[in-house]
Amino acid sequence: MWNISKETLEVLDLSRNFLTGFDQHSVVLPWSRLHYVRLDSNMPQGPLPIPPPSTIQYSVSGNKLRGEIPPLLCNMASLMLLDLSSNNLNGRIPPCLANLSKSLLVLDLGSNDFNGQLPRSLANCMMLEHLVLGNNQIDDIFPFWLGAVPHLKVLILGYNKFHGEMGSWHTNFRFPQLCAIDLSDNEFTSDLPSEYFQNWDTMKLTNVSNGLWYLQANTRIEMQGYTTNFPYNYSMTITNKGMQRFYEKIPDILKAIDFSGNNFIGQIPTYIGNLQGLHLLNLGDNNLSGPIPSSLGNLTQLESLDLSKNKFSGEIPWQLTRMTFLGFFNVSDNHLTGPIPQGKQFATFSNTSFDGNPGLCGTPLSRACHSPEAPPPTPSSSKEGSVSKFDWKFALMGYGSGIVIGISIGYSLTSWKHEWFVKTFGNRQRKWARIERMGLRS
């Protein structure tokens, strides 16, 4: 294979095989005109192969590559996609990746052993849309400066060592197009960032797509007189419904926030109710306190809400019954009291959603409410007769995982690709070791 014409080969896809490496000691690929290189889901164990500067897409995820990112990789000035996820790469993320600033759309370094701080030069990658750094050993404060990247849609930083406060929102660091952010299982210690919640404008949108579209990078490559399109679907792993799930495709309307497994304190800002496009909100396993804000009832697109393992007190607001797409709800292990709201989606939740709150009563718990007072108010009963069928339609639509999240899970469960298998199970040992370390910390 090494002897294939070095001047003509432009596309190399050897993904989902059992290759253990090349038959040459050199790690520099010899084909000078390569544009598209995919070596995903194989078994090479050596250093990272270096493609030529002409490369536009380079993906080697799901292998056993080791060592640091070599500086030669920063010479690919046309590179739009760099996926090195699910390997054994280590060291610091090199600042020279900013050399790719005029073209880079996707940077996925997740599930490796990178350490140290993030290079501030990444803020110069003005084309960047998808940044995945989860499941590493990165030790830094929140990279607020990434808010200056105008097209950043997905930011995955979970399972690292980020710490301290998130800092104040600034007009120059707005995250103007952010759709999904994962800060789970880090060491943040501040109040929740109310100013960010006020200004994440894309998460306020409740637009409904005319069709089922996914976030992806479309790269057009000129080859021998014709143009070929090479799409790349954005992917991520994020906690949904109490479990980590791999999304091989991300619907373009999905909006998600996962701040679980940190040490956030204080109350939930009422401004979070402005993020009406949210489908997934996970604030579980923190030190949040105070009442659950009734403004959460404004999140009518929400499909998964996890507030478990905090110190919330007071009653569950009846306004949460407005969330007719809610398929998962967990407020267990808090200090909540009073009757559980009834009707709509709350009729579908089991005891486990409310466990660990001795002061709660009412269905589905076995503790009856003995207070002579009337239960919490619900939307006007005068309207129930005319819209009851309508409400149950929406309740059924929201049952289970929800529309947007359910579509994503359905795709992942029916794809069964080897690439997914390697990413999910091939790195299980390292991931569970990482989770155990997080457990010791807490």
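## Basis of the model

This is a predicted model, in which local features need pLDDT of at least 70 and side-chain atom pairs count only at pLDDT 80 or more, while totals for chains, interfaces and linings use all residues. Residues are numbered from 1 along each chain as its sequence is written, and side-chain values use heavy atoms, with hydrogens and water left out.

## Cysteines

The structure contains 2 disulfides, a disulfide being a pair of cysteine sulfur atoms within 2.5 Å. One of them joins C74 to C96 at an S to S distance of 2.0 Å, linking distant parts of the chain that lie 22 residues apart. The torsion about this S-S bond is about 50°, so the disulfide of C74 and C96 is right-handed.

C361 and C369 form a disulfide with their sulfur atoms 2.0 Å apart, and its torsion of about 105° makes it right-handed. C361 is buried at 11% relative accessible area, whereas C369 is partly exposed at 34% (buried means under 20% relative accessible area, exposed over 50%, partly exposed in between, with a 1.4 Å probe and protein chains only). C125 is buried too, at 0% relative accessibility.

## An open parallel sheet

An open sheet is formed by 5 strands in the order β20-β22-β24-β26-β27, with parallel pairing; strands are DSSP runs (E, at least two residues), numbered from the N terminus, and two of them pair if DSSP finds at least two bridges between them. The edge strands, β20 (265–266) and β27 (359–361), each pair on one side only. Strands β22 (residues 287–290) and β24 (residues 311–314) pair over 2 bridges, and S289 stands opposite K311 in β24.

Technical notes: Helices (H or I, at least four residues) and strands (E, at least two) are DSSP runs, numbered from the N terminus.
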